[in-house]
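Thanks for coming. I will go through one model today, element by element, and keep it short.

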Amino acid sequence: FNSPSTKLPLKPPTMSKTEAGLDLLKAKGIDEKYIGNGHYSTGSGNCKWGDETFYYKDGIVINTSLSHKPQNGKEWRIVAYHGTEWKNLNSILKNGLLPGNPTDCETFHGDVYGKGVYCSAYQSYAKLYDRGSPENVNCGGKVRLVLGLRIRNKAAISKTTDGRIWVIKNENDVAVQDINLTFE
């Protein structure tokens, strides 16, 4: 029993996964003008469109203001993922994903399958390319950075000998749809 003069410490308010994701982006200095609306958290699973299956893992999805909505029933429906490091995020949001050796990308590691934007239908595979340490989020847990992409159409995808890797040769055929913070 507490006396009237004893004050109990207040518990900090519980933060949702989405709020924690937005808080982390702010702490990382991500320009708010690139953050859109309609954020959500996900479970793990896959979805199918046509003959392609896309895989995702438990995480936080922050929509960007750069989103491409599917058009004419055909374009911008293909989903892919691109892993990157935090220090590249503002540049990617500002300039887009650039094929080859982008001057602002300190973490460019080569082009085994030729010049292009490297991505994957597997979010878990793309996550491997965030080589930095996972970041703590205020809702508990650690996350890695993976960008959700929209690809213009099937013709834009160059498939490689590694079925997990796609190469998009033309920067106008790929757009950043959302920022995925995937839990470890």
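The face of α1 turned away from its buried side carries two exposed residues, K26 and A27. Here exposed means over 50% relative accessible area, buried under 20%, and partly exposed in between, with a 1.4 Å probe and protein chains only. Helices (H or I, at least four residues) and strands (E, at least two) are DSSP runs, numbered from the N terminus.

Before going on, this is a predicted model: local features need pLDDT of at least 70, side-chain atom pairs count only at pLDDT 80 or more, and totals for chains, interfaces and linings use all residues. Residues are numbered from 1 along each chain as its sequence is written, and side-chain values use heavy atoms, with hydrogens and water left out.

Back to α1. Its buried residues are T18, A20, G21, L24 and L25. These cover an arc of only 160° around the axis, so they sit on the same side of α1; the arc is that of the directions from the helix axis to the C-beta atoms. What covers them includes β1, β4, α2, β7 (135-136), β8 and β11. Just after the helix, G29 takes a positive phi of about 80°.

Next, strand β4, residues 59-63. Five of its five residues are buried, so β4 is largely enclosed by the rest of the structure. Which residues lie on each face of β4? G59, V61 and N63 are on one side, and I60 and I62 on the other, and both faces are covered. In general, side chains in a regular strand alternate between the two faces of the sheet.

As for partners, two strands pair if DSSP finds at least two bridges between them. Strand β1, residues 40-42, pairs with β4 in the antiparallel sense over three bridges, and V61 is the bridge partner of Y40. Strand β11, residues 174-183, is joined to β4 by five bridges, also antiparallel; there, D178 stands opposite N63.

Now the core. A nonpolar core here is a set of buried Ala, Val, Leu, Ile, Met, Phe, Trp, Tyr and Cys residues joined through side-chain atoms within 4.5 Å. The largest one has 32 residues, and those touching the most other members are L89, L147, L149, I151, I179 and L181. The elements giving two or more residues to this core are α1 (17-27), β4, β5 (78-83), α2 (89-95), β6, β8 (142-151), β10 and β11. Take L147: leaving aside neighbours within four places in sequence, its contacts (heavy atoms within 4.5 Å) include A80, Y81, L89, I92, V176 and I179.

There is also an open sheet of three strands, in the order β6-β10-β9, with antiparallel pairing. Its edge strands are β6 (117-119) and β9 (157-159), each pairing on one side only. Three bridges join β9 to β10, residues 166-168, and S158 stands opposite V167.

R164 lies in the loop between β9 and β10. Is R164 buried or partly exposed? R164 is partly exposed, at a relative accessible area of 37%. Again leaving aside neighbours within four places, R164 is in contact with C119, S120, A121, Y122 and Y125. R164 and Y125 are 39 residues apart along the chain, and their C-alpha atoms are separated by 7.2 Å.

Last, the cysteines. C119 is buried, with a relative accessible area of 4%, while C139 is partly exposed at 27%. A search of the whole structure finds zero disulfides, a disulfide being a pair of cysteine sulfur atoms within 2.5 Å.
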